[in-house]
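Here is a short note on the ligand site and the pocket around it. The points below are numbered for reference.

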Amino acid sequence: MKIFIDTADTDELRAAFDTGLVDGCTTNPSLIAKSGKDFKEVIAEICGMTDGPVSAEVASTEADMMIKEGKRLAEIADNVVVKLPLTWDGLKACRALTADGIDTNVTLCFTATQAWLAAKAGATYISPFIGRLDDLGQQGMELIGEIRALYDAQDYDTQILAASIRGPLHVKEAALLGADVATIPPKVFNALLSHPLTDKGLDAFVKDWAGTGQSIL
Ligand code: E4P
């Protein structure tokens, strides 16, 4: 499963890319607003950090305008993926941009039938929002399993991009269910590694090794 980082914070993103384990980035209008930066500038800056896919979301809700915005966003860099909402207009724009060879990420997916329609429209990625379903008392992760089964049964190659991830458990379950990508907030990405017993164990090894007075080199 590929790892994307779900942020427009370029400092946090740079630190994540420095690990060598991150494959791309997703943003959305809320994350752009939170960054306080110019949208097109920050997308260009992120695309300069990676050759991997960088999702940039259209602002319009009407197909013709989405297509225009999508084409403009795709001009920023070769690795821009145009993010479109899961509406009839969004799917129309998805078909048009896909026909033009532009990669797309259809977002705000909450049902398997929505995901099916996005695949039929030629989406490169589908973004099911796990955490927001959990917030409503549903099992968000079940949606990942359903979409995986549907895409496999119908032979679609649209990639399942597990989104709205709230913690390491979501990441683990998405991987076990066969998601192609998880887009992870920086805080959760860091939490994937940290464990108090790892820290405690390493402290003891370092201390005991120092006590031997030896050197490997
Ligand atoms: C996905 O691309 C979205 O940016 C994101 O995962 C939404 O997550 P949220 O529900 O935490 O806002």
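1. A residue is taken as near a molecule if one of its heavy atoms lies within 4 Å of it. On that basis the ligand is surrounded by D6, T26, N28, K83, F129, R132, A163, S164 and R166. The model is predicted, so local features need pLDDT of at least 70, side-chain atom pairs count only at pLDDT 80 or more, and totals for chains, interfaces and linings use all residues. Residues are numbered from 1 along each chain as its sequence is written, and side-chain values use heavy atoms, with hydrogens and water left out.

2. This shell comprises two nonpolar, three polar and four charged residues (Ala, Val, Leu, Ile, Met, Phe, Trp, Tyr, Cys and Pro count as nonpolar, Asp, Glu, Lys and Arg as charged, and the others, Gly among them, as polar).

3. Polar side-chain atoms lie at 2.8 Å for D6, 2.7 Å for N28 and 2.6 Å for K83, in each case from an oxygen atom of the ligand. Of the 340 Å² of accessible area that the ligand has on its own, the protein covers 85% (Shrake-Rupley method, 1.4 Å probe).

4. The ligand takes the space of the largest pocket (more than half of its atoms lie within 2 Å of the grid points). A pocket is an open set of points on a 1 Å grid over the protein atoms alone, where a 1.4 Å probe fits, with protein on both sides within 12 Å along at least five of seven lines; lining residues have an atom within 4 Å of a point.

5. The lining of the largest pocket has 28 residues, with D6, T7, L31, K34 and P185 nearest its centre. By class, nine are nonpolar, nine polar and 10 charged.

Key
Polar contact = N/O pair within 3.5 Å; in protein donor to acceptor, adjacent residues only side chain to side chain.
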